[in-house]
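Here's a quick briefing to read alongside the sequence and the 3D view. Take a look at the fold first, then work through the points below.

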Amino acid sequence: MKTLVTGGAGFIGSHLVEALVKDEHEVVVLDNLVSGKIENLDSVSNKIEIIQLDIRSNDIEYAFHNVDVVYHLAALADIVPSITDPYEYIDVNVMGTARVLEASRASGVERIIYAASSSCYGIPERYPTEESEKCDPKYPYALSKFLGEQIFLHWINLYKIQGLSLRLFNVYGPRARTNGSYGAVMGVFLGQKYSGLPFTIVGDGNQKRDFTYVTDVADAFIKAGDSTISNRIINIGTSKPISVNYLADLLEGDRDYIPKRPGEPDVTHASITRAVQELGWKPTIQIEDGIKKVLDGYSAWKDAPTWTREQIQVQTQDWFRYLGNN
């Protein structure tokens with residue numbers, strides 16, 4: 001098939017592109033390269049077409065010509081800065097998604113797979129969390145991904161396009177972005193480890209996260225693209241959450257405990273029954289093995305920013321200001 005991956009030069013997108021090429025699909029990558037890196041695609045650069053263009057552009061439709069399946073992963077992904085600049089997140093993650101959907105519809109795309117976020121659940125009432133759980137986004141990033149998902153579901157239902165929304169839990173692995181704002185715990189810890197700084201653990205470290213290795217996530221997208229199931233939301237996680245303290249044990253470093261952030265769940269724990277039963281997908285890489293793979297590529301984090309307690313306090317002051325009363 002001819003496939004198009006928005007955000008294909010990014011962390012998850014580049015692994016998906018490699019998997020699609022391995023399966024002998026024709027692949028077009030649409031990426032503005034603001035956060036994605038062209039070198040992420042070095043292994044397949046002679047086998048794909050790369051179009052450097054923002055998904056909000058009015059000129060994107062030509063990229064969708066004769067495409068069978070679109071994988072829409074392009075998005076602003078950092079959580080903390082979304083509180084400071086919410087409009088940009090709505091513009092990219094909501095309006096950008098609408099542009100992708102309209103370009104797909106105009107070009108007769110048969111199937112679209114949307115990369116949604118488990119952050120839409122907010123602080124769930126039940127664990128493991130099923131797709132039917134009430135959504136309660138706590139910050140603009142989560143809201144923007146949820147609104148993008150709602151637009152996606154509306155488009156495929158109204159215009160009779162086949163598609164699935166995959167709600168991703170905590171994805172980690174090689175090529176995870178380390179530059180930019182204070183972000184995901186894995187990248188923060190790796191930057192600190194490389195610089196010999198202690199791991200800044202939020203709260204008591206007993207909170208649990210459902211870490212899913214990136215190649216497993218890419219495989220879920222492949223199965224979703226190949227599936228005939230449509231108009232469904234499907235969680236993608238391991239359903240085996242681990243504590244942040246255990247993550248620190250695996251990475252082996254000193255610790256510095258910093259204040260707990262309001263508005264964050266104590267646990268993320270995916271129910272993956274739908275993924276197993278409807279997609280035939282399940283994760284294959286255990287966290288211990290995944291961390292070993294990450295550490296094997298340790299030098300990739302040598303240029304990562306190193307976040308200290310004081311720097312994090314500055315970066316998250318708006319978080320505490322606005323979410324502290326919610």
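Of the 326 residues in the protein chain, 52% are buried, where buried means under 20% relative accessible area. Keep in mind that this is a predicted model.

**Overall shape**
- The protein chain has a radius of gyration of 19 Å, which agrees with the value near 20 Å that a compact globule of 326 residues would have.

**Fold and contacts**
- You'll find 10 helices and 13 strands in the protein chain.
- Take the contacts between residues at least 6 apart in sequence: 81% of them join residues at least 24 apart.

**Charges**
- The protein chain carries 32 positive and 42 negative charges.
- The mean position of the positive charges and that of the negative charges are 3 Å apart.

**A strand pair to look at: β6 and β11**
- Strand β11 covers residues 232–236 and is mostly covered itself, with 4 of its 5 residues buried.
- Strand β6, at residues 162–168, runs parallel to β11, and 5 bridges join the two.
- To find the pairing on screen, pick Leu164, which stands opposite Arg232 in β11.

Key: Residues numbered from 1 in each chain as written. Predicted model: local features only at pLDDT ≥ 70, side-chain atom pairs only at ≥ 80, totals over all residues. Heavy atoms only, no water. Rg over C-alpha atoms; globule rule 2.2 N^0.38 Å. Buried < 20%, exposed > 50% of the residue type's maximum accessible area, 1.4 Å probe, protein only. Contact = heavy atoms within 4.5 Å. Lys, Arg positive; Asp, Glu negative; His and termini not counted. Charge placed at Lys NZ, Arg CZ, Asp CG, Glu CD. Pairing = 2+ DSSP bridges.
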